[in-house]
Amino acid sequence: MPLRVSSEIGKLTSVLVHLPGPEIDRMVPAMMEELLFDDILFGSRAREEHRRFQQVLGYVADEVLEVQDLLAEVLEPSEQRAEIVEDLGESLGWGPDMDYRLRELSAEELASALVTGIERPATDVALAPSELYWLPPIPNYFFQRDPLVVVGNRAIRGSMATAARLREPLLSGYVFRYHPRFAESGGERFWFQEFSTDYGRPSSYARMRPTLEGGDILVLREDVLLMGYSERTKKTTIERLAEAFRERGSPVRHIFVVAVPPARSYMHLDTVFTMISKDECLVYAPMILPDGAEEADVYRCDLTSRTAAWTSETDLLSALRSEGIDLKPIRCGGSDPIAERREQWTDGANAFALAPGVILMYDRNERTAEELAKAGYEVLNEADLLLGKRGLDLRRSKKYAIALAAHELSRARGGPRCMAMPLLRENP
């Protein structure tokens, strides 16, 4: 299957997800800060919500793929499995004990263990959280947007900002590197895949540990990327990505960079801005609109120039307009200063487009839904869609906002866009 993503809004054909499994049930409260959760989740409810999310994706996409299944298929050939276990050990500094625990597992067992972790035997002695597991779980892995992003016909492997998520881009990278469904003529599947576990003090900016996460990458057009310079993605890594695009002949010509404040509520750019139709975007107004109380600095990186220098822009929407991308902003939470801050926190701006003007959002963001309705969107409940009481007519230029009941999933601090990684979209 060829990879092709040249927009945020083209009709979805193939998408990658991960059903949150036992890894979220194995968290203890003392691990929440390290694992970037604000609460421990009720696993059964979270899985039911995610299954309905996948069903809604399937109303438009031809295939909804489970990344853990693909990983198990990649691990099936014994030589390939041994190579991956060895690479994991070298990349993450695992000792011979871990290698011994993993090498005898079947492909399916190993794929499960690498995501859900391996618990230590029960003991009567009180253990610190780090001592509960031979291999800790990675409960953030159901946010498939972050560890790997498809841009055009290749992937960008992430380099996660926190130690708790280091395993995620490695696992996703193996899937894209080895799985035959992603094979391309020539064999090159990545634009960029830097990785480092060095959290020490860098000797220079050029030696800084690369950090780059998928929530900070939006594909607005084949030749235009929008990126967040945030607490999770470093400016120096964006510069190295730009150079990789130039060296590998990418069609990307312009990268617009938004300097997102390093705050928990704004962990990625897609928490304050998402594109939802050919001429509309959903925004957290105080940061994105001109003269907003928290207005972010915006820069342009021109890859057609000799040095790929950064230049300052007045604001994001006018900068995009200069490249022919003219977007009308729809305010997350509306104009009420309290509601917009509350709904930004609950991922009101993190919508995911199934097709131009057909988006998924959380039902708890009621003021955002009201703003979308004013802009001509038919707001429909996921239950009505799944029970056949309402339908989607994609043949007409009708706009829909599908409201997902995701009370458990939303507590993990990620929205619909965070949970889905498009592999193939039609041209909008």
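**Entry on the model.** I noted before anything else that this is a predicted model.

**Entry on helix α5.** I began with helix α5, residues 78-92. It has 15 residues and reaches 21 Å from its first C-alpha to its last, close to the 21 Å expected at 1.5 Å a residue. I then asked which residues of α5 are buried. They are Q80, R81, I84, V85, L88, G89 and S91. I recalled that an α-helix has 3.6 residues a turn, so residues three or four places apart point the same way. The buried residues of α5 pack against α4 (67-74), α6 (96-103), α7 and α8 (167-178). Just after the helix I found G93, with a positive phi of about 70°.

**Entry on helix α7.** I moved on to α7, residues 107-116, one of the helices that α5 packs against. Is it enclosed or open to the outside? Seven of its ten residues are buried, so α7 is largely enclosed by the rest of the structure. I listed them as A107, L110, A111, A113, L114, V115 and T116.

I looked up an open sheet of three strands and wrote down its order, β11-β12-β15, with mixed pairing. Strands β11 and β15 (328-331) stand at the edges with a single partner strand each, so one side of each has no neighbour in the sheet. From one strand to the next the twist averages 35°. I checked how β12 and β15 are joined: they run parallel, with four bridges between them. One residue I followed was V283, whose bridge partner in β15 is R331. Helix α13 (residues 366-374) packs on this sheet and touches β11, β12 and β15. The direction of α13 makes about 145° with that of β15.

**Entry on aromatic pairs.** How many aromatic pairs does the structure hold? I found five. In one of them the ring centres of Y266 and Y284 are 5.7 Å apart and the planes stand at 35°, so I wrote this pair down as tilted. Y266 lies in the loop between β10 (254-259) and β11 (273-277), and Y284 in the loop between β12 (280-283) and α10 (285-288), 18 residues apart. Both tyrosines are buried. I also noted Y299 and W310, another tilted pair, at 5.8 Å centre to centre with 45° between the planes. Y299 is in strand β13 (residues 298-302) and W310 in strand β14 (residues 310-313), eleven residues apart. Y299 is partly exposed, with a relative accessible area of 25%.

**Entry on arginines over rings.** I looked for charges over ring faces. R101 lies over the face of W134, at 3.6 Å from the ring centre. R154 lies over the face of W191, at 4.4 Å from the ring centre.

**Entry on L212.** I ended with L212, in the loop between β7 (190-192) and β8 (217-221). Is L212 buried or exposed? Its relative accessible area is 1%, and because buried means under 20%, I recorded L212 as buried.

Methods:
Residues are numbered from 1 along each chain as its sequence is written. This is a predicted model: local features need pLDDT of at least 70, side-chain atom pairs count only at pLDDT 80 or more; totals for chains, interfaces and linings use all residues. Side-chain values use heavy atoms; hydrogens and water are left out. Rings of Phe, Tyr and Trp (its six-membered ring) pair if their centres lie within 6.5 Å; planes under 30 degrees apart count as stacked, over 60 as edge-to-face and the rest as tilted. Helices (H or I, at least four residues) and strands (E, at least two) are DSSP runs, numbered from the N terminus. Buried means under 20% relative accessible area, exposed over 50%, partly exposed in between (1.4 Å probe, protein chains only). A charge sits over a ring if NZ of Lys or CZ of Arg is within 6 Å of the ring centre and within 35 degrees of the ring normal. Two strands pair if DSSP finds at least two bridges between them. Axes are lines fitted to C-alpha atoms, for helices over the stretch in contact, and angles run from 0 to 180 degrees between N-to-C directions. Contact means heavy atoms within 4.5 Å. The expected span of a helix is 1.5 Å times one less than its number of residues.
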